[in-house]
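Take a look at the chain first, and then we can walk through it topic by topic.

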Amino acid sequence: MSDANDEKTNENIVLEYVLESSPEKVWRALTIPELAANWLGEPGDGETSPAYEMVDEEPCSRVRYAWRDRNTDAPDTLVTFEISPAPGGHTHFRLTHSASTLPRMAANANGVPMARAA
């Protein structure tokens with residue numbers, strides 16, 4: 001890794017790097033569960049160890065994980081990884097750790113609302 005920049009703004013922690021790997025390789029490391037566990041650790045259950053789950057992704061550009069750890073007083077957080085090509089086949093890498101997460105949808109709210117005739 002090189003060119004590290006750290007900043008804290010409005011409860012967000014932002015880290016930026018230029019990685020000496022291609023964007024495709026970094027993308028795979030962030031989105032394939034077995035490879036992501038090497039960077040992020042094995043996901044726990046959220047009760048006895050920190051848990052995380054992928055919330056959404058924009059292929060080869062951005063992936064977001066919701067993070068929770070009931071062993072701390074910290075709220076659930078959102079971790080966003082953004083990548084883009086850099087000169088020389090390298091990757092611009094930006095990690096934003098936010099104290100706020102996306103609102104959770106109800107389990108039955110994944111479809112278009114449907115009205116039935118009485």
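Contact here means heavy atoms within 4.5 Å. This is a predicted model, in which local features need pLDDT of at least 70, side-chain atom pairs count only at pLDDT 80 or more, and totals for chains, interfaces and linings use all residues. Residues are numbered from 1 along each chain as its sequence is written, and side-chain values use heavy atoms, with hydrogens and water left out.

**Confidence**

- The predictor's confidence in each residue is given as pLDDT, on a scale from 0 to 100.
- Across the chain the average pLDDT is 80, and 74% of the residues score at least 70.

**Helix α1 and what covers it**

- Helices (H or I, at least four residues) and strands (E, at least two) are DSSP runs, numbered from the N terminus.
- Buried means under 20% relative accessible area, exposed means over 50%, and partly exposed is in between (1.4 Å probe, protein chains only).
- Helix α1 spans residues 23-31, and its buried residues are P23, V26, W27, A29, L30 and T31.
- The cover over those buried residues includes helix α2 (33-40). It also includes the strands β2 (12-19), β3 (51-58), β4 (62-68), β5 (77-86) and β6 (90-98).
- As background, an α-helix has 3.6 residues a turn, so residues three or four places apart point the same way.

**Salt bridges**

- A salt bridge is a side-chain nitrogen of Lys or Arg within 4 Å of a carboxyl oxygen of Asp or Glu. By this rule the count is 5 salt bridges.
- One of them pairs R94 with E16, with the closest N and O atoms 3.0 Å apart. This pair links distant parts of the chain, since R94 is in strand β6 and E16 is in strand β2, 78 residues apart.
- R94 counts as partly exposed because its relative accessibility is 29%. E16 is also partly exposed, at 27% relative accessibility.
- R62 forms a salt bridge with D56, where the closest N and O atoms are 3.4 Å apart. R62 also forms one with E58, where that distance is 3.5 Å.
- D56 is partly exposed, with a relative accessible area of 22%, and E58 is partly exposed at 38%.
- Which residues make up the salt-bridge network? D56, E58, R62 and R64 are linked in it.

**S98 in strand β6**

- S98 sits in strand β6. Its relative accessible area is 13%, so S98 is buried.
- The side chain of S98 makes a polar contact with the side chain of N12, at 3.2 Å. A polar contact is a pair of N or O atoms within 3.5 Å; within protein, one must be able to donate a hydrogen and the other to accept it, and residues adjacent in sequence count only if both atoms are side-chain atoms.
- Setting aside neighbours within four places in sequence, S98 is in contact with E11, N12, T77 and L78.

**Two loop residues to look at**

- D69 lies in the loop between β4 and β5. Not counting residues up to four places away in sequence, D69 touches G46 and P50.
- D69 and A51 are 18 residues apart in sequence, and their C-alpha atoms are 6.4 Å apart in space.
- C60 is found in the loop between β3 and β4. Its phi is near 55°, a positive value in a residue other than glycine.
- C60 counts as partly exposed because its relative accessibility is 40%.
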